[in-house]
Amino acid sequence: MTWLAAGLAVGVASVGLYLFQPWRLFTTVTVDEALPSVSATPSATRPSPAVRELAGGEFRSHEHRTTGTVKVLRLADGSRVLRIEKLDTSDGPDLRVWLTDRPVTDDWYSVGKGRSVELGNLKGNKGNANYAIPADTDLDVFRSVTIWCKRFSVSFGAAALA
């Protein structure tokens, strides 16, 4: 009976560790991508004249404390990029960057209930990163950004695009 209980405890602990990955609360992945630019002299802090800001906003904390800003940029070639700057949030399992059609409220589950466009895995929980926006994405529909934990269906933080 003792061996059965021990085996069951190890099994439950293994599943729990796999799902929750608690060590990620103490890990940091820092990324520092340059601002996208098509000019001959790109700047890491200011967009070149070839880059135009279409919208922007500040993160609001949801499930985890999250700070930083987001910008939607149009490059000279017409492509659009979501730029996250000075991000500071927790690391977590299966974090994604989503554009959503939901308003940003205190309810961190609500942003996952509407339409969304996934821009990719979160590259790092601290720093500056760029995410390509698909050409057919209507920014009049998708008016907010969330860092979404796909495994637990919660928003770590979100920003309204204005």
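Reader: In which strand is the place of Lys86?

Author: Lys86 sits in strand β5, residues 80–88. Keep in mind that this model is predicted.

Reader: What is the phi of Lys86 near?

Author: Start with the general idea. Most residues other than glycine have a negative phi. Lys86 has a positive value, near 55°, and is a residue other than glycine.

Reader: Is Lys86 buried or exposed?

Author: Exposed counts as over 50% relative accessible area. Lys86 has 70% relative accessibility, so it counts as exposed.

Reader: Where does Asp94 lie, and what is its phi near?

Author: Asp94 lies in the loop between β5 and β6. Its phi is near 60°, again a positive value in a residue other than glycine. At 26% relative accessibility, Asp94 counts as partly exposed.

Reader: Now the sheet. In what order do the strands of the open sheet stand?

Author: The order is β1-β8-β5-β4-β2, an open sheet of 5 strands with mixed pairing. At the edges are β1 (30–32) and β2 (52–58), each pairing on one side only. On average, neighbouring strands of this sheet are turned by 30° against each other, direction ignored.

Reader: In which sense do β1 and β8 pair?

Author: They pair in the parallel sense, over 3 bridges, and β8 spans residues 126–133. Asp32 stands opposite Asn128 in β8.

Reader: Which strands pair with β9?

Author: Take β6 and β10. β6 and β9 are antiparallel, with 6 bridges. There, Val97 has Ile147 in β9 as its bridge partner. β9 is also joined to β10 (residues 154–160) by 6 bridges, and these two run antiparallel. Across that pairing, Thr146 stands opposite Ala158 in β10. The hairpin of β9 and β10 has 4 residues between the strands, and Ser153 in this hairpin takes a positive phi near 55°.

Reader: How many residues of β9 are buried?

Author: Buried means under 20% relative accessible area. In β9 (residues 144–149), 6 of the 6 residues are buried, so the strand is largely enclosed by the rest of the structure. Look at the side chains by direction. Ser144, Thr146 and Trp148 point one way, Val145, Ile147 and Cys149 the other way, and all are buried.

Reader: How many aromatic pairs does the structure hold, and how are the rings placed?

Author: A pair of aromatic rings is described by the distance of the centres and the angle of the planes. The structure holds 1 aromatic pair. The ring centres of Trp98 and Trp148 are 4.9 Å apart and the planes are at 20°, so the pair is stacked. The pair links distant parts of the chain: Trp98 is in strand β6 and Trp148 in strand β9, 50 residues apart. Trp98 is buried, at a relative accessible area of 11%. Trp148 is buried too, at 4%.

Reader: Which residue lies over the face of Tyr131?

Author: Lys123 does, at 4.8 Å from the ring centre.

Reader: Last, Thr100. Which residues does Thr100 touch?

Author: Thr100 is found in strand β6, residues 95–100. Thr100 is buried, with a relative accessible area of 0%. Leaving out residues up to four places away in sequence, Thr100 touches Val111, Arg115, Ser116, Val141, Phe142, Arg143, Ser144 and Thr146.

Reader: What does the side chain of Thr100 reach?

Author: The side chain reaches the backbone nitrogen of Arg102, at 3.4 Å. For a distance across the chain, take Thr100 and Ala158. These two are 58 residues apart along the chain, and their C-alpha atoms are separated by 9.6 Å.

Technical notes: Residues numbered from 1 in each chain as written. Predicted model: local features only at pLDDT ≥ 70, side-chain atom pairs only at ≥ 80, totals over all residues. Heavy atoms only, no water. Buried < 20%, exposed > 50% of the residue type's maximum accessible area, 1.4 Å probe, protein only. Contact = heavy atoms within 4.5 Å. Polar contact = N/O pair within 3.5 Å; in protein donor to acceptor, adjacent residues only side chain to side chain. Pairing = 2+ DSSP bridges. Axes fitted to C-alpha atoms, helices over the stretch in contact; angles between N-to-C directions. Phe/Tyr/Trp six-rings, centres within 6.5 Å; stacked < 30°, edge-to-face > 60°. Lys NZ or Arg CZ within 6 Å of the ring centre and 35° of its normal.
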